[in-house]
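Hello,

Here is the structure I promised to pass on to you. My notes on it follow below.

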Amino acid sequence: MPNSARLLPHWQQTLTSVQQQLNEQPRWFMCGRLVRATGMVLEAVGLRVPVGSHCCIEANANSITAEVVGFAGDITYLMPLNNVQGLVPGARVVPFTDNDQSGQRFPLGPALLGRVLDGLGQPLDNRPLPKHTEFGGLTSAPINPMQRAPIDTPIDVGIRAINGLLTVGRGQRMGLFAGSGVGKSVLLGMMARFTKADVIVVGLIGERGREVQEFIDHILGPQGMARSVVVAAPADSSPLQRLQGATYATRLAEDFRDRGQHVLLIMDSLTRYAMAQREIALAIGEPPATKGYPPSVFAKLPSLVERAGNGTRGGGSITAFYTVLTEGDDQQDPIADSTRAILDGHIVLSRELAESGHYPAIDIEASISRVMPSITAPNQLQSAQRLKKLFSVYQRNRDLISVGAYSPGHDPLLDQAVQKQPQIERFLQQQMHEQAPFEAAFKGLTSLVGGA
């Protein structure tokens, strides 16, 4: 009995500790039940969670993470972030609590340089994340447009035709419009190697899986990869993961910009991002509007693109290049037409030039940089306009020249265009591993058309 009396305080302490732990636990938690799975969309009942929340669906083998993408009455629509296997009717759907945000936190920061991640922030290079890796959400507060730094400094991208005729400013957002097989990946690789930037963030969204390794080994190379972060969401990943991959790549660029660094963001491609949103929207019942694209697609595009650009005055910047696939080289494709309106310029690649061996196949007549007049000297702008005029005059009379119907002396501008055409073609062409600095491009442009 005395021994029991001595042990009583110990049991009391234990019971008090257990009772305190139980009191700290939630007395109940809300979960739903899976009632339907058709295609990519899962339907659940019994949930009251906001759109964008992440949930865990209990499957036979393992759990599946899904995101809430919509609701209708008591039915909640979810889209899985990974492959759906082992789902059964009535499976329990548990939302992540505020203290359990494992499905909504993504690695950020300089520790990721040289790494390859998927759209969920998980490593693809068979290496664990570094210790002390920072984590954050995908959303960020928008910058007040009145506080953004203006685009007033040209950036050297190492491409002679772009530096001379389509000068890009630091913080500008450019579109690269091209069909398949005209050299857009090679051009992106040249920009990634030659552009003067502190950090490169590459988003490979919806492209072929084999292109990921090729882009890293043959385009970025070891030197470029050392200052790069690659986010890959190939074509075989879920549409939500492709959508999230583009957002995650932009969030990474924003994080580096907020640290005061100058970032080059390359996204290949913006069209696959729009297609992923189309798949999700159509699957949950949103009606199509323009050529099968629901209205939410055209609302998502500016929300993503506007996150790039300059930060506040004195801070960092994001210079972004987005590839836009033009179906059948149609420049009036709805995605191409929409992105052209929200970007700060566009570079069009011509299939005709590519088939004739002209690389990079930049159609300087159809391309434009909207900020070039405000970041270049007047003499460079005049020289660029003069070269474009000579190129355009020659192209309009090309058939007459080829059949021998052209005779000199009738049109001085055409005479000069014919005379300088070989030099213009040499100026516009560039080898894959040849770098053309901004100053050299300006001198070459001036010597070509100066005094004309």
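**Asn163 and its surroundings**

Leaving out residues up to four places away in sequence, Asn163 touches Ile155, Asp156, Val157, Gly158, Gln380, Ala436, Pro437, Phe438 and Ala441, where contact means heavy atoms within 4.5 Å. Asn163 is buried, with a relative accessible area of 1%; buried means under 20% relative accessible area, with a 1.4 Å probe and protein chains only. The Asn163 side chain also reaches the backbone oxygen of Ala436 at 3.1 Å.

Before you go further: this is a predicted model, in which local features need pLDDT of at least 70 and side-chain atom pairs count only at pLDDT 80 or more, while totals for chains, interfaces and linings use all residues. Residues are numbered from 1 along each chain as its sequence is written, and side-chain values use heavy atoms, with hydrogens and water left out.

Now the cores, meaning sets of buried Ala, Val, Leu, Ile, Met, Phe, Trp, Tyr and Cys residues joined through side-chain atoms within 4.5 Å. The largest nonpolar core has 56 residues, and Ile162, Leu165, Ile347, Ile362 and Leu387 have the most contacts inside it. Apart from it lies another core, of 49 residues, including Leu81, Phe106, Val263 and Ala336.

For the whole protein chain, 49% of the 452 residues count as buried. The C-alpha trace spans about 120 × 45 × 40 Å along its principal axes. Of the contacts in the protein chain with a separation of 6 or more, 71% are between residues 24 or more positions apart.

Best wishes

Conventions. Buried means under 20% relative accessible area, exposed over 50%, partly exposed in between (1.4 Å probe, protein chains only). A polar contact is a pair of N or O atoms within 3.5 Å; within protein, one must be able to donate a hydrogen and the other to accept it, and residues adjacent in sequence count only if both atoms are side-chain atoms.
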